[in-house]
Each structure stands twice: as C-alpha cells, then as structure tokens.
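Here are some comments on the model you sent.

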Amino acid sequence: MTTLAPTRTTRTEVVAPRRPVRVLRAVALSAATAVALAAFWSVDIQWSRLASLPGQVVHYLDLMFSAPSWDKLPEALRQTLRSVEMAWLGTVLGVLVSFPLSFLAARGYAPAPVRAGLRGLFSLIRAVPEIIIAIIILSVTGLTPLTGALALAVNSVGTLGKWGYESVEGVDHGPVEAVRAAGGSTVEALRWGVWPGAATDFFSFWLYRFEINVRASAVLGLIGVGGIGDMLTSYTQYREWSTVGVLLIVVVVVTMGIDAISGAVRRRLTDGSTTR
Amino acid sequence: MRAAPTPASTSGADPRAAGAPLAVPPRPAGRWKPWAAFAVVVLLTAATLSPWAIGFDADAIARNWRNGADRIVKLFSPDWSFFPRTVEPMLETLQMAVVATVVGAAVALPVSMWAARPTNPNRWTRGAVRLALNVVRAVPELLYAAVLVAMVGVGALPGVIALVLFNVGIIVKMVSETIDGSDRGPLEAGRAAGATQTQINRTIALPEMLPSFVNQTLYVLELNVRASSVLGLVGAGGLGLLVDAVRTYYRYDQLSLIILEILVAVLVIDLVSSIVRRRLV
Amino acid sequence: ACSSDASGSTDGGPAADPTSLTLALVPSQDQGGLVDTAKPLTDFLTDELGIEVTGVVSKDYQAAVEAMGAGQAQIGFLPSLQLWQASDMYDASVVLQTERNGNISYPAQLMTNNPDKYCDDTPVERDGKLFCNGADALVGPAGLDSITKVEGAKVALLGPGSPAGYIYPVLALKNAGIDTDNGIEQIPVTTNDASVLAVYNGDAEVGFSFWDARDIVTKDVPDVGQEVVVFALTDEIPNDGVALSADLSPELQDKITTALADYSSTPEGSQILTDIYSISKLAPADPSTLDVVAQAAEKLGLQ
Amino acid sequence: MTVAPQQVTSRSWPVRVRDVTVRYPGGVTALDGVTLDIEAGEMVSVVGLSGSGKSTLIRTINGLVPVTSGEVTVGEHTLGSLSSRQTCAVRGSIGMIFQGFNLAKRTTVLNNVLVGRLAHTPTWRTLLGAYTAADKQLAFEALDRVGILDKTWQRASNLSGGQQQRVAIARALTQEPRIVLADEPVASLDPPSAHAVMGDLRRINTELGITVLTNLHLLDLAREYGTRMIGLRAGRVVYDGPAATASDAVFEEIYGRSIRQQDVLGG
Amino acid sequence: MTVAPQQVTSRSWPVRVRDVTVRYPGGVTALDGVTLDIEAGEMVSVVGLSGSGKSTLIRTINGLVPVTSGEVTVGEHTLGSLSSRQTCAVRGSIGMIFQGFNLAKRTTVLNNVLVGRLAHTPTWRTLLGAYTAADKQLAFEALDRVGILDKTWQRASNLSGGQQQRVAIARALTQEPRIVLADEPVASLDPPSAHAVMGDLRRINTELGITVLTNLHLLDLAREYGTRMIGLRAGRVVYDGPAATASDAVFEEIYGRSIRQQDVLGG
Ligand SMILES: Nc1ncnc2c1ncn2[C@@H]1O[C@H](COP(=O)(O)OP(=O)(O)OP(=O)(O)O)[C@@H](O)[C@H]1O
Ligand SMILES: Nc1ncnc2c1ncn2[C@@H]1O[C@H](COP(=O)(O)OP(=O)(O)OP(=O)(O)O)[C@@H](O)[C@H]1O
Ligand SMILES: [Mg+2]
Ligand SMILES: [Mg+2]
C-alpha cells in the first residue's frame, strides 16, 4: 500500500489506539442476549406449523373477500362514525392532559420528585388493564359513549405521556442551550428550544394515538357503546368472515386516511411550508 | 423604547442611510393556516361534546365520582397470598413477550428503513411498505388470534405470531417517523461518498435511529406483557387469562396483586429504556 | 345521562322511581348467534312502562354486573353465573329465566378427535354432526361413564368463569375421580370456537364447550362435524335470565316482570325474541335452580 | 440600543474566573485551573488550538457548563449560587453566540432572533409568541445589522451556513447584553462580513462599553480587534496580555510550534 | 494511496459545468448560468459572499443538488444521466467535505471515517460492519494526518467543533478520491491546523494530481493555496483567473465593495 504522504519520511507506522472495552455495555448486551436465548429455548413452540401458514392465509382471504357482505356497510360506517367521535374526544382530552405533563416528566425541566411521580403515574395507567379502567369509569358515567371517550382518554395519557417525555429528551440540545443562554426560563426553553424540534414527533404521536383509539375494541366493546372495533371483534368471534372482510376494508381505509394526514402534517413541519 | 442610536446609523460606511425605516420584508401569506387548523379542532371537539354526539355529562361525574373512588380503593388491597399462583402465568407471559419482541424487532429494523423517506427515496417501494403496514396495523389482535388458531393451532405459536405482527406495526410506524424527522446531513455525506442506500442505512442511519428503535422495542416489550389477553385467546396461557379468571369472580384483591406485578414489569422496562436512552442519545 | 336519576339511593332504600332506565343485555357466550342490538326490547318497554328505557349490548360480564351495582343499569339480561353474582353482591332480584327451544337449560359438551378411544358405540350423525355414547339425545347428562378415559389427555378448556367451558365439565371430571390439576394436561383457551378448533387441529384430544359450538366454525372448517365427535354431555346448566336492580321499587319491578313475561307470550313478541336472541319464552325464575352454577363453582373452590 | 427600564446598559459587567477546573463526564479535563480577571468594558480575544478549551471557557462563564472546582463571577453574581430566577436574569444580560449556531431549525429566523428578548418578556407572551412591537423592531434592527433582514420569515434550516451564523449573532445583539460571549462568531463568514461583525462587536464594546469576550482561531482578527488576548493550551492559560503586541514567541507558546514552521509545512 | 484494482488513481478527473442554473424550491436562484471548465489536477478556490452560491456549486458537482437546467460532467460521466449504481461509483471517486461536517453524531469517529470506504466495500461487509484491515488502516492514517488519531473510538458528538471538522476531512481522504470538493474545510480550525489541512489538500493535488475544489471565505488562504480562483456573486461567476495575482479590484468585484473600505469600517 502506497501511503498518501510519502514525503513524511520520518513518519512511523500509524498505531491506532486500542479499542476501549466497555465492560458495562458488554455485560448488558450479554444479559439481553441470554434472556432472549433463554426465552426462545424454553418457549414451547412448534415452529414447523408455520409451513401450513401460506396456504391458510389464502384460504382466509378467500373467506373474507370472495363474497363480502356489503349490506353490512351502512352499519359499519355508522359504527365507524361512533368510534371516530369517541376516539376524537378521548384523544383531545388525552392530549390536553398529557401535553403539559410530558414536558414536566422529561429530564431537566422539573424537580426530580415531580418527574418521578409523573412517570409513575404514566406507568400505572399502562399497567392497569384497559378493561379495569373502563369498569371504574363506567361506575361513574354509566353505559354511555362518554365512558368510552373517558376510558380512551385515560389510556391515552399513559402512552402519550411516555412518548412525549422521551421525545423531549431526545431533542437536539443546542437550541435549548441558546434559549437558556439568553436568559429564558424553563417554560421558554421548552417553547422556543424544544418545541420546534419536537413538534413533528408530538403531532405524529397524537395522530397515531387517535388511530389506535379508533380501533380500540376491548374497552368500547365491553361498555356496550359499540364502535367499529367492537363490531369487528364480534363478527370475528362468530366467524362471519364475509362481514369481517367488509369491516376490514373500512378500517384500513380509515387508518390510511389518518396516516395520510399524519404524513402531510409531518412533511409540513420537517420541510417547511410549501411556498411553491 | 429606543434610546441610544444604533451603531449602524452612526456609520458612514453603512449603505443604509441614517434613520431610514427598515425594509422589513412582508410577512409571507398563509399564516392563518395553523389557526384555521386549530379552529377546526376546537369546532370538532365542541361538536363531539354536544348531546347529539357523545354528550359531556359533568353532572353525572359530580354526582357519581364516589362510585369510581370506591372501586379504586378496592384496588389498593393486594392479596399477597395469591402470589404463588401468579408466578407461572407471569413467566409464561414474559417468555412469549420476549420471543415476540425479539422476532418483531428483527423484522421491524429493516422495514422501518424501507418505510421512511430519507432511508428509502423510492416512493413506490416506500408506498407499498407503508400500505402493507397500514393493513397490518388496522387488523385488531383479536382477529389475528381468531384466524391464527385455525391456521396453526392453539398454543404459544399463534400468540407469538399475533404479537409479532402487532409489534412490527408499532415499531415501524414510530421509528420510520423518527427517521423522517431526523437530520439529513449525515445521510447526505454517505451519499456523497458513493455509498449505496443500503450501506448508508447500515452505517449512518442505523446509529442515528438506534435510540428510537431501542425505545420502541422496549415499549413493545411492555405492550406484550400487558397485551397478554391476546395470548389467552389462543390458548397460550399467561397473565391475561389469569386477569379474566379473577375478575370473573370479582376478586379485586387478587387483581390488584396482578396489576402490581405488571406495574413492576412496566417500571423495570421503563428504567432500562431510560438508561439505554441516556447512553445512546 | 340516561341512568343517572336512578342512582344514589344506597342509603334510604328504594326512592322515587326513576325517569329513565338502562337495560344491559349480555348475550350468553354459549348462545351461538350474534346479538348486536337491544332495541326491540327497549322500545317495547318504553311504551309499556311510560319510562324511557335505553339499552346496551355489553360484552363483558363483569362490566354489566358492576354497572348494576353502581346504579348505572337497572335491568340486566345476564348469564346464569352473573345473575347469581348480581343478586349475591348487589341484591338484585332475579325475576325471569329464558327458554330456548323449549328448554330453560342447556348442557356442556365434551368433544374429541379420537372417537375410537372415547366412544363405546359407533358415532351417529345428527344435523351433519357426529355424536356417540348417547349424546345424540341432546339432553344432559349423557355418556358421563366414558369420561374417566380423559385421564392424562390434553384437554382444551375455557376460563373458570364459563359454566359450559369450565365449571360443569371440570366438576364432572372431578366427580369421576380425576385430578383436574395434575391428572390432565390443560390447554386453556378463552372462546368456545378456539376450544373446538383445538380439538379439530389435534392440539387437544378433548375439548369442552357449550352445546353445540361446532356450528360456529363450520364456515372455517366445514368437516368439523365429522372430525370432532361429541362423546358426553354434562348436567344441564340454567339458561340466562333477567335481573332487576334493588334500586327499583317493588311495584316497578313487578310491572317490568309482567310486561316482559307477557311480551314473550304474544306471537309477535315471541317471534322477535326468537329471531334476535334465540329466546322462545321468558319464564318466571326459580332462584333456587339458578344458584346451582354458583354452587358448582363453589365446589371447585372458585368463589 | 435601547435601555432596559431598570438597568443602565452602559454599566457593563466584569468577569472573574477563579481557579476554575472543568472535567467532562468522559474524563477529559477541558479547563485546568484557569484564573482570569476581565474588567468591565474590555474587549478580549481567546485563542488556542482546536480542543484547547476555548468553547468550554465561554460556556463556563455563562453557567452552561458547571465548574468542577473554582468560581465564576459575572458582575456581582457568583454563578452556581443563584436561584434559577436570578440565573435567568443574569443570563439575559449575557449575549452568547454559539459555535454551532444552535438555531431552532424548524422555525423562522425572526422567532430565533426573538429568543434574545425572552428574559425581558412575560412568559405568557412568549408562549403565545406575542412579542411587543418594540421587541420586534429590535429584532429587525439586529437582522438588518448583520445584513439578512430579507430572510426574516425564512425557516432557519433554509439558510446558508454564513447566514445561519448571522442569525445567531442577531439573536445575541437583540438581548441588549452587558457582556457578549462569542464562540468563533465569524468562522463561516466571508471577510467583508467577518470584518463587519467584528466591527460591530468592537463598536458595541467601545460605544456602549459592553464587555466582549470572543473565541477566535484567526490570529490576525484577534490582533486587530482585541485589546487583550488570552492564549489557551490544553486547558491552561499560557498567555494573557495585550493583543497587538503579542510576539511570534507568544504564538509558539500557544500553538506549541512556531507559525513559520506551519507555513512551511503547508508548502 | 492504494490503487483500486480497476482504476489508476493518479489519473484524476476534470469537471465541466455547462450553463448551470439551480433554483431551490423556495424560489431562490442559487446558481445562475454558471459555466466552468476545471482541468484534471487543478487546485481551485471558490470565493464569494455568504449566500452567493458556493455551497450550492459544490453540491451540484457531486449531484447532491439537481440542476434546474444545464449540465455537469465529472470525468467522462454526465451527472443526471447515470444509473444509481454508476452514480454511486462516480461519487465514490469524489471526496466531499461538508460545511456542517455532517457526521453521524451517535457513532464512533472511526465508523464515520470508514464511510469513506463504502463505495469500495461489498454490501454484505457493510451490513456486518466487517471492514477489511486495509480499509481500517486507511482510516487510521487519515485520522492521524488530521491529528485526531487518539479520538478514534470517541462518539462524534463528544468532539469540539474543530475536531469534528477534521473527522469530516479524514472521511473524504479515506475515499482515495479523484476529485476533492471541500466546503469551507478550515472554517472552524485554528491557523496551524488550517494550514496543515490546506497543505494536505495541496499535497494531494500536487503529488497525486487530484483535482481539488475548495470553497474558502478567507482570501489569504485562497491566494496562498489555490492555483486558480473563481469568484461567485449572487450565483454568477464574476471572476475566474489565477489566484495569486487577483487584484484588489477583483475583490471589489466579488464582494461588491472594496476590501480596504471594509477594513476601515471595522475601525
Ligand atoms: N460534551 C463533552 N463531553 C466530553 N468531552 C468534551 C465535551 N465537549 C468537549 N469535550 C472535550 O473537551 C476538550 C475541549 O473542548 P472545547 O470544545 O472547549 O474545545 P475548543 O477549544 O472550543 O476547540 P475548537 O476550536 O475545535 O472548537 C476537547 O478535547 C473535547 O473533545
Ligand atoms: N435548501 C434550501 N432551500 C432554499 N434555499 C436555500 C437552500 N439552501 C440554500 N438556499 C439559499 O440559496 C442561496 C445560496 O446558498 P449557499 O448555501 O450556496 O451559499 P454559500 O455561498 O455557501 O454561503 P455561505 O458562505 O454562507 O455558506 C442562499 O440565499 C440560501 O439562502
Ligand atoms: Mg469550540
Ligand atoms: Mg456554504
């Protein structure tokens, strides 16, 4: 190999510094690998069953889509509207509550006890099965759509709060530093240092949570206020595949609609407005 | 408010004449758009709050909040003696959650990159991947479970497949959007060095997306621990089944112990996730 | 909003009758058909009582019972176990019991994919499905002599809240002297169709479900009636019924009971109930027969 | 420049750095027993090799990097002993120009510049983005001074490197500061712009008497614009004296090898 | 430098820019009918005011910014008409040093430098992260040349500004390029380091005959290290001639006002 600098005759062979050994990291990685291996080794799975999967997939697609019962479409649309209403209210309430909280739960903006408390709250909400949350709310507001919306709102706070503080912590620190250096308070650092960088994340979290809420079946179904998710699970339980096919089409279209909005919003924020 | 003269106005060399008004360019049009969007949100919310749609009944809340409080209090009395019976379901759940998470994450890693603009500039393949994922996400777990039981039988396998599909949907959605929002500069440097897209993704995009990816993977692990009702549906056992069993007989004390155990799992995963993030970000 | 007026009367006994009522209809999972509306019932009751009745089809037993307990629902169409729980925990009165095809009860079935082992006679076909050991009588109990052979087999069963998928069959096994914790290999599932499919696919040799859950999966696997053979039926399990919240005055309770019973006796009413809920008649309940499920559960140590 | 109601801007602040050591978590000692006395109204250049601790010094003076040991005093305030409210106020009086610009890329140039007014604006106004006309006027003037008034409504991410640096400078000017700390403020600028900016900094210094501390890696600029020069090497002060008269020996001290030799190496 | 099997590295490439106009989506015309002929082996400096289009020119030559009209040819390849595979190969032969460094902040310095080898590495090796010993040796040498070999295993985000710039330079050197494009490669460097880097670029140019195109905002550097100088103003070429002899009038042309006057303004 001819070296780039033949003129530097005095130069000795380049000795690269030794790669540092990161003990902690190595330990953590091996622990994670060990856990994964143990789980794979111990779990009782007949992987050979996978072989029949492709044929079966075709069979079920045929059951669902060869003769969809379109007569269920109006009902499906009505239930979708219901779901969207409840999901909307649930998401808006969830956003209103989680938005300020997720900033307070991020490292570096609120006292440690507040932070720990909020994180604990988010975790607790996520640890309680959705159905239990719904039953608690049900005893207050009855078997009404409002219960559905409130249950969705509470559940949303758990996840939105978590995603929110993680995103705030992941934002580039430079602008925050600049605001601090200009004498900005914490709130101002959040507004002008963090928010411009985190806004895309937040919008996509909100829209994604909205999408989840539209589909959330367990909670709404049990309350008996219906919704598209409930309809889907009911017809699935009674294996009426031709109706399930129609419902799936509706849900996919709704999901894609939300995804498209989410994409447009994010593009706006990341690339700037389209002043073309 | 103005007191001292600006230095610029004292400088003879400055092309701008002293005291001349600043030629501030006009504010670009379209500033109303965010406000319009905000107004739409408010209107829609008001509409859903109206009695014709959902109806917000503050009255009922004021009157009946005690009912809810009673039930929450009931949940604060764990029956510790129930613990031995929760051990096995907990282990089953963790086992399957880990397997599903590992498989799901392995699948989601390349797919996330195919679904994001900076790491997959080809709009057709990207569109196809996103479409497929929309479908995967749109199908509820219960449907996966119901179909898979008939396809591959009951047990851990259909449960794990259902969870994997569910996990891939979430990880890809969240991670690909993070990639979309990230700084393009480093990727551009890779392109300028003549790297193929795959190479860029591996060497440059991967380390940048890693925190988000690890994060979502851990989040999904947590979801899998919680979403164990799916596993119950397909005969894979786990905590979900136990939750259903105890609540059938209104054993809030036993339920509260199970919740406590899930909470511990959630907190541990949260802790790991925050440590990992602090190391990686 | 609908039910709020009826609540808050925990201290002073039944207060003035409410201006609106909520009916919670929980379709019995053992019913086999899909129920998605309570409207015909509530429309009729609204006319008959002069009180606004709103209805919801709830799919969660616990939610429905808790709603009655919290004064958020006053009329409950509940499965047998939950009827008993509502009356036991929240003093609801069980007033009516449903009749399906002339029966006020139904049996749980034990199925197998290995008729050679479990059938003492040649399986016979009824409605395209195979039965043996006299289970084709379609009334329980039948073929219970054969269940000792279940010892050591893989068995698909439902959660312990399901009378047909768990309580009755497990009790039958216990009575036959089998240790259900260690003597069989349990494959827990949460739905009746999954139990049938587990047997069909060979994941389990024996499965429990209500009679006859095989109908649900015929669309997926048309030959289920041939592959999965019912070899025993348990004791009869009481059908679902109607419970009324303790918040309602005795007069109103009577009024509701009479109205519903009369409705099911008229030809049109009976027709509607059959079409939508497969109920042919609402008969006065005999509370003593209702708690047999609870007793069975208690024998298993589930309470 | 406008005079904030409660303060006389022309009364600028001195900076005292007492035996400060800064060690980063990774183990790098970026500053090692640095002691400096900078009088109010001085114009100081800090020079040194890349990695010698220039940025760290500047950030320490603003309290953005906590000291491992030692003490930093600006005006009468000892950093580290202040309440968070006081810290905000103190920082509001220190204009800072970052080496990496630290702009919020996804918002407009104007919003970035108005960050300089945060310390003087009630929080509710900031949250709504409803700045007073006077604040905006100040921002426009600062933008005009650095010559990018026409980019006011652009997103910061759409600017060229030099334009971004000028936004960062405008932000600091908008603060009406008592001390200006500048971390290589002209690194990405062409000579006319660089001279204009340095000239502006000097004018702030001479006309309003504001203390200015600038990291520079160009010695000619340091010599030309500083009244005093501080040389850092591996986290230690190796030169502290008049800028204009710093000899070649001094440079050798700072850079560890003689300038001439470097030039030869280049050939 | 190693000789890639199928190519003789010393045979460097010319660059031809034909009547190129670049308009950004926002409506800014960054280049306006630029025509340049750069022979293989030339050492060219590009100077101009901030925002005059220097970065855009460099990025156009690498195909990172598509031309709105006109044509760019490097070597025998006309950009825009190539398959994506060919584009990769062509870019692999063009070393690029970005104004904003563009490092992957969350990975090690070594990994960043090895990006320079990607065009010569089979994809499976990249996926495994299994670079050859020879590639790594090349990376170490490049790091050593820019003087930060000791930072090899650090995360890129932990480096000082100047150190980051040197990583970016090492990355370009590791490519063993036929053309080097450098966008203000010394903006964040102290003079000795700056001279070292410019000296390196010149040595690459003189010894290996590689074409070098450097954006510089410092005229003395442009004069000293370029054999030819191109002056840009508002997207147009306003000067193209020898670097050493460029007169003050030329600078006035490029910068729109005389240098001397600027210097006075600074006083
Ligand atoms: N956040 C950090 N974590 C760990 N080490 C750091 C950090 N920031 C800087 N350093 C190290 O501290 C030393 C001093 O860095 P500093 O940024 O002060 O240098 P500088 O003089 O400003 O250099 P330049 O002229 O290149 O900007 C360097 O060796 C650098 O690698
Ligand atoms: N992505 C972009 N979108 C819109 N306009 C842009 C974009 N990038 C650059 N511009 C504009 O194009 C013009 C030329 O930019 P360029 O980056 O080429 O300037 P430059 O000569 O490199 O300046 P500097 O010396 O400040 O880096 C500037 O007016 C700039 O605002
Ligand atoms: Mg620095
Ligand atoms: Mg540039």
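1. Helix H3 of chain A covers residues 73-104, which is 32 residues. In this predicted model, the helix reaches 45 Å from its first C-alpha to its last, close to the 46 Å expected at 1.5 Å a residue.

2. How many residues of each chain are in contact? On chain A there are 73, and they are in contact with 76 residues of chain B. Between them the two chains bury about 6,400 Å², and carbon and sulfur atoms give 68% of that area. A:Trp88, A:Val140 and A:Tyr208 supply 9% of what chain A buries against chain B, more than any other three residues.

3. The charged and polar pairing can be listed briefly. Nine salt bridges are counted between chain A and chain B. One pair whose side chains meet in a salt bridge is A:Asp259 with B:Arg130, at 3.8 Å from N to O. For polar contacts, the rule finds 18 residue pairs across the interface of chain A and chain B, with both residues at pLDDT 80 or more.

4. Which helix gives the largest share of the side of chain A that touches chain B? Helix H11 of chain A (residues 241-271) does, with 14 residues. By class, that side of chain A has 41 nonpolar, 15 polar and 17 charged residues.

Terms used:
Residues are numbered from 1 along each chain as its sequence is written. Chains are lettered from A and ligands numbered from 1 in the order in which they are written. This is a predicted model: local features need pLDDT of at least 70, side-chain atom pairs count only at pLDDT 80 or more; totals for chains, interfaces and linings use all residues. Side-chain values use heavy atoms; hydrogens and water are left out. Contact means heavy atoms within 4.5 Å. Buried area is the accessible area (1.4 Å probe) that two parts lose on being put together, summed over both. A salt bridge is a side-chain nitrogen of Lys or Arg within 4 Å of a carboxyl oxygen of Asp or Glu. A polar contact is a pair of N or O atoms within 3.5 Å; within protein, one must be able to donate a hydrogen and the other to accept it, and residues adjacent in sequence count only if both atoms are side-chain atoms. Helices (H or I, at least four residues) and strands (E, at least two) are DSSP runs, numbered from the N terminus. Ala, Val, Leu, Ile, Met, Phe, Trp, Tyr, Cys and Pro count as nonpolar, Asp, Glu, Lys and Arg as charged, and the others, Gly among them, as polar. The expected span of a helix is 1.5 Å times one less than its number of residues.
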